[in-house]
Amino acid sequence: MAQRFQLAGKVALVTGAASGIGAALATGLAAKGCSLLLVDRDAEGLATIAGRIREHGSAVETRVVDLGDAEAIRALPDWAAQRFGHVDILINNAGVALGGRFDETHLEDFEWLMDINLRAVVRMCHAFLPMLRARPAAQIVNLSSLFGLIAPPGQVAYCTSKFAVRGFSEALRHEYAGTGLGVTVVHPGGVATAISRNARGRRPPSDPEAAKRAAVEDEEAREAFGKFLTLAPTEAAAAIIGAIETRAPRIVIGKDARNAALIQRLMPAGYWKVMVRLSGGKL
């Protein structure tokens with residue numbers, strides 16, 4: 001597992017590839033000589049990214065998939081086999097967000113998030129394990145989050161999914177230790193993607209005035225959270241690609257994530273009070 005993973009000539013599948021980190025990963029992997037299988041529910045975004053990559057001579061195939069659809073995921077290995085014969089790298093990048101306190105959250109929305117952020121990761125890994133295990137060397141990359149290391153209020157659903165991705169990835173890595181299959185779990189900090197803008201908020205109250213206030217509050221929360229998303233997706237993608245090449249078991253991306261991870265390790269029960277104090281009460 002210590003040997004460097006050579007990307008040239010490999011086939012990589014990236015979910016959530018139409019924008020953000022996924023699009024940057026697709027571009028960066030193509031530049032390294034990978035053939036690409038790109039998956040997203042955004043058909044237009046997929047076509048745009050694929051077109052850019054093809055202009056540089058790289059092989060790329062796309063498929064529009066709702067990752068909340070278990071049947072659609074089960075069909076992906078056959079599609080990958082038909083296009084390129086195999087997959088060497090599986091990157092589970094797609095994710096969604098849901099804002100609001102837990103007591104304001106509808107369980108249907110909670111389950112929607114879990115379907116995309118956690119169950120799709122589990123289903124993708126399970127579906128592609130036979131194909132990956134058949135390769136001399138292969139790598140699974142699962143994106144957790146800074147919120148898979150710390151748990152701020154107002155992010156109960158998101159933290160639940162990302163802490164679970166972390167545990168799933170670590171246990172899976174331990175199961176395949178000593179084989180050609182490696183597993184990398186990624187904890188990005190504030191990356192400038194559309195996840196905050198596209199996040200689901202609270203369901204509006206029935207009272208029109210209350211609904212109006214809730215909409216304003218949700219938009220303010222999105223804007224406030226968005227200010228923390230400053231790292232360029234290309235920087236995050238470059239770090240992830242480097243982790244694949246070195247077969248790193250875990251990577252924490254961004255100064256904000258590294259600092260928060262350190263505080264959490266030093267004060268596992270009281271880290272949030274410290275972080276609020278250090279932020280001047282802005283968290």
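**View 1. Arg247, in the loop between α8 and β7.** Arg247 sits in the loop that links α8 (233-246) to β7; helices (H or I, at least four residues) and strands (E, at least two) are DSSP runs, numbered from the N terminus. Although Arg247 is not a glycine, its phi is positive, at about 55°. With a relative accessible area of 11%, Arg247 is buried; buried means under 20% relative accessible area, exposed over 50%, and partly exposed in between (1.4 Å probe, protein chains only). As a note for all views, this is a predicted model in which local features need pLDDT of at least 70 and side-chain atom pairs count only at pLDDT 80 or more, while totals for chains, interfaces and linings use all residues. Residues are numbered from 1 along each chain as its sequence is written, and side-chain values use heavy atoms, with hydrogens and water left out.

**View 2. Val252, in strand β7.** Here we look at Val252, which belongs to strand β7 (residues 250-253). Val252 counts as buried, at 18% relative accessibility. Setting aside residues up to four places away in sequence, Val252 touches Leu149, His187, Ala257 and Arg258, where contact means heavy atoms within 4.5 Å. Leu146 is 106 residues from Val252 along the chain, yet their C-alpha atoms are separated by 7.7 Å.

View 3. Ser144 is placed in the loop between β5 (138-143) and α6 (156-175). Is this serine buried or exposed? Ser144 counts as buried, at 3% relative accessibility. The side chains of Ser144 and His187 make a polar contact at 3.4 Å. A polar contact is a pair of N or O atoms within 3.5 Å; within protein, one must be able to donate a hydrogen and the other to accept it, and residues adjacent in sequence count only if both atoms are side-chain atoms. Beyond its neighbours within four places in sequence, Ser144 is in contact with Lys162, Val165, Arg166, Val185, Val186, His187 and Pro188.

**View 4. Pro152, in the loop between β5 and α6.** Pro152 lies in the loop that runs between β5 and α6. This proline, Pro152, is buried, with a relative accessible area of 8%. Leaving out neighbours within four places in sequence, you will find Pro152 in contact with Phe147, Cys159 and Trp272. Follow the chain for 124 residues from Pro152 and you reach Val276, whose C-alpha is 9.9 Å from that of Pro152.

**View 5. Helices α9 and α10.** The axes of α9 (residues 255-266) and α10 (residues 271-278) come within 9 Å and cross at roughly 135°. Axes are lines fitted to C-alpha atoms, for helices over the stretch in contact, and angles run from 0 to 180 degrees between N-to-C directions. The two helices, α9 and α10, are therefore oblique to each other: angles under 35 degrees count as roughly parallel, over 145 as roughly antiparallel, 65 to 115 as roughly perpendicular and the rest as oblique. Ala260, Ile263 and Gln264 of α9 meet Tyr271, Val274, Met275 and Leu278 of α10. By class, the residues in the contact of α9 with α10 are six nonpolar, one polar and no charged; Ala, Val, Leu, Ile, Met, Phe, Trp, Tyr, Cys and Pro count as nonpolar, Asp, Glu, Lys and Arg as charged, and the others, Gly among them, as polar.

**View 6. Helices α4 and α5.** Helix α4 (residues 76-84) packs against helix α5 (residues 107-133) at an angle of about 40°, with their axes 9 Å apart. That makes α4 oblique to α5. On the α4 side, Leu76, Pro77, Ala80 and Ala81 meet Met124, Ala127, Phe128 and Met131 of α5. The contact of α4 with α5 has eight nonpolar, no polar and no charged residues.

**View 7. Thr15, in strand β1.** Thr15 is found in strand β1 (residues 11-15), and Thr15 is buried, with a relative accessible area of 1%. A polar atom of the Thr15 side chain lies 3.0 Å from the backbone nitrogen of Ala94.

**View 8. The whole chain, for orientation.** The protein chain has ten helices and seven strands. Of its 283 residues, 49% count as buried. Among contacts in the protein chain between residues at least 6 apart in sequence, 71% join residues at least 24 apart.
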